[in-house]
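Visitor: Hi, can you walk me through this one? I'll ask as we go.

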Amino acid sequence: MKVSIIVPFCQEFEFNYIKDCFTSLEEQTVKDFEVVFVSDHVSDKVLDKVRNIPVTFPIRFISLNDERTGVSAARNEGIKNSEGEFILFLDCDDYLERTAIEEYLESIGDRDLLHARRRRTPYSRDGYYADRERILAEREAAAAEREAAAAAAEEENEDEDNDSEEAQFTKYTQIDPDDWVGVFNKIILINPAFSGISVLGIMIRRSYLNAMGILFNESYTCFPDLLFVSQLMCSTDRVRRLTSVLYLKRKHSDSVKMPSLAQRSDEHQKLIELMESYRLVKSYESLRGTYSEMRLDGKFIRLYVSRISPYFLRGEKSEIPKVYEQAVQCLPLITKDALKHSKHYSRRIVKYSMTHSPEKIARKVRMHSARQTLFRLMRSRSATKRFLYRKIYATGKLKENTVMFESFFGRNYSDSPKYIFEYLCQAYPGKYNCVWVKAGKKDHNLPFPAKQVTRFSFAYFKYLGKSKYFVFNVRPPKYFIKREDSVFLETWHGTPLKKLGTDMDAVFMAGGTDIVAYKKNFTDNSKKWDYLIAQNAFSSETFRRCFEFHGTMLETGYPRNDIMHATPDVMAAKIREVRAKMGIPDGKKVILYAPTWRDDEWYGQGQYKFTLQLDLDRLRSALGQEYVVVLRTHYLIVDALNLEDYKGFAFNGSGSDFDDISLLYLISDILITDYSSVFFDYANLRRPMLFFTYDLDKYRDVLRGFYFDLEELLPGPLVFTTDEIIDTIRNLPEVVEKYKDKAEVFYEKFNGWEDGTASKKVVEQVFK
């Protein structure tokens, strides 16, 4: 047996990832390996589920049945029970490239260690390969465009970006793969944080491991790899590095329910392990006087300034002496050159800490933090506003009967906040001082008097701190302070088809969103909600779980849907008004197309792309005599629809002129959507619906995942092309008859609470 792959199984939630792990092993191009699967006090029920996963490779199941626990103990037990010439560690929530074992064995030669590159990914295995294919296709398309442009301009050179990438790649691959310093730098120093050291991706010769007696320190609970990898690297010069990515590190997207070791909050233990490992690495003679040592010291200086010295100010009092004891042993080890090249404050705090107590260090850190805050306030109006919000606006007496409303981050006057506002003003005229948040300078067109404040203005922060009541349909800012006597009503904005909050298996958000923190931010935010509106029993149960909501659930249905239960005269008047405003010709039926956004297609934070897959030319040719189309994109989509070529047939239902999508429901005869929650609302009208799910596999299996089986749930057909849409609409009576029973079941399940009085019920419960 050439390779022993040791797979620790320490936390039961990791079972959700094991299938990907095993599949990656099943598909290896070289099969000369065994798997040693070590379970750390996992229940027999879950372990039996693992045993029942069908595999063809040899696998040995080992259990830690004594007092030993943790990933270090599991790995040590795996080493003890393995038989291969080489050892490779694989966490059960990660997976390997298909050619990993083959490339490792071809490259290791007579070396003791072979290090291949790791890549962190939030994707499942299928999602990773799908995303990689998408990226490669985009690169090929971009390259083709560049070649065409170059040919047209008769340019001989490639563009600068491509040259730069090629130069960087060449430089990277020209690193001597057998150079100890180069390999050391890549393993120990490649990450900005010293905590990034990992054994994952390193193949180890068993005879070397046994000869040196290197094992994991089982007292290490946060960063078990630090000492182990340091000992591995500093006890041999027979090392090699591969530039190939062979190991895929699955990034945990749920740091609340499924935290990785590094995501746990035992800060003092983390700091102690980091400092002990730093001292160990510094003890190796082979490192002395090298550039690598100075880089290592620079990394430790940053660690000390950013985490260790602030711990003396904010840490647990009982643990501070232990952290300080380690720190005073580490600080003298920093070289003068490294200190010389560090920032001014870093040099000062390091030198000061060598001769002063943790209490005095804490005072120094506090003074520096205060100065930094002052400098930020002087340089930044945004920082000044937040400071005033925390220190002044969010203190003192609340403004009784003042209500702050926000819909979709102030972008429009719509949704349930709109209808709650209108009912409040009608039922209690003059009693409440209402404040509406707007996203820009343009005011909302409000039917009742209310103050309007621009989001993130000084006035916005003032009312965010002083208002007694809040009515939002999205989450408030992360820094929102929930005051003891204030009342926060979260209306939310739809029954979920797509998984939400902590139910999501992965998070693909725009603009570099911190995936690890996403779910924790979500649940921290929901703790500030006093009330949450649910449209139906499914939403009530789901919201409780996925938001970890513990306040009062208002099981009333959505106020925004009251308009769809208005009297026939009121609805007819609204329909005439909206059709006239849009310029829709009399006698034409209306198809409303309202797709959602795609999590992985974006320009930046909160700015999503949209590519229209509906063929308007074919649609107009086939249905234009009887129908027109109104297109309504999601509020997060920033791409403007250019419908100049379709005047009289296609109408833009997005933008400030049509904030309230409920009014577009009223004028439409057919709804076409995809995975948007709009169909849960539209069902109130009992009109036909089509579901244009052209990217169903990707959206369901990669991006989000659904709470339901769409074919079983949806009260209308799934269509995948424009031709299918045309054919379905031409045969609409037969389609309606086919889905009649399913539509009735759907209505009773998801719209049974809604009768046109949701606004009244909500106001009576929240405002007493």
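Visitor: Let's start with helix H20. Which of its residues are buried?
Guide: In H20 (residues 537–546), the buried ones are Phe538, Ser539, Ser540, Thr542, Phe543 and Cys546. Buried means under 20% relative accessible area, exposed means over 50%, and partly exposed is in between, using a 1.4 Å probe and protein chains only. Helices (H or I, at least four residues) and strands (E, at least two) are DSSP runs, numbered from the N terminus.

Visitor: What do the buried residues of H20 pack against?
Guide: They pack against strand S14 (531–534), strand S15 (552–555) and helix H29 (740–751). Contact means heavy atoms within 4.5 Å.

Visitor: What comes just after H20?
Guide: Glu548, with a positive phi of about 50°.

Visitor: Where do these values come from?
Guide: This is a predicted model, so local features need pLDDT of at least 70 and side-chain atom pairs count only at pLDDT 80 or more, while totals for chains, interfaces and linings use all residues. Residues are numbered from 1 along each chain as its sequence is written, and side-chain values use heavy atoms, with hydrogens and water left out.

Visitor: How many helices and strands are in the protein?
Guide: The protein has 30 helices and 23 strands. It has 768 residues, and 54% of them count as buried. Take contacts between residues at least 6 apart in sequence: 74% of these join residues at least 24 apart.

Visitor: New topic. How many aromatic pairs does the structure hold?
Guide: It holds 52. Rings of Phe, Tyr and Trp (its six-membered ring) pair if their centres lie within 6.5 Å; planes under 30 degrees apart are stacked, over 60 edge-to-face, and the rest tilted. One of the pairs is Phe22 with Phe57, which is edge-to-face, with 5.8 Å centre to centre and 85° between the planes.

Visitor: Where do Phe22 and Phe57 sit in the chain?
Guide: Phe22 is in helix H1 (residues 15–26). Phe57 is in the loop between helix H2 (44–51) and strand S3 (59–64). They are 35 residues apart, so the pair links distant parts of the chain. Phe22 counts as buried at 3% relative accessibility, and Phe57 counts as buried at 7%.

Visitor: Which residues do ring pairs link into a cluster?
Guide: Phe538, Phe679, Phe680, Phe691, Tyr707, Phe708, Phe746 and Phe750. Phe538 is also among the buried residues of H20.

Visitor: Now helix packing. At what angle do H9 and H10 pack?
Guide: H9 (residues 225–234) and H10 pack at about 10°, with axes 9 Å apart. Axes are lines fitted to C-alpha atoms, for helices over the stretch in contact, and angles run from 0 to 180 degrees between N-to-C directions. H9 and H10 are therefore roughly parallel. Angles under 35 degrees count as roughly parallel, over 145 as roughly antiparallel, 65 to 115 as roughly perpendicular and the rest as oblique.

Visitor: Which residues of H9 and H10 meet?
Guide: Leu226, Leu227, Ser230 and Gln231 in H9 meet Glu273, Leu274, Glu276, Ser277, Leu280 and Val281 in H10.

Visitor: And how do H10 and H12 cross?
Guide: The axes of H10 (residues 267–282) and H12 (residues 320–330) come within 10 Å and cross at roughly 20°. That makes H10 roughly parallel to H12.

Visitor: What about H22 and H27, at what angle do they pack?
Guide: H22 (residues 616–623) and H27 (residues 722–730) pack at about 25°, with axes 10 Å apart. H22 is therefore roughly parallel to H27.
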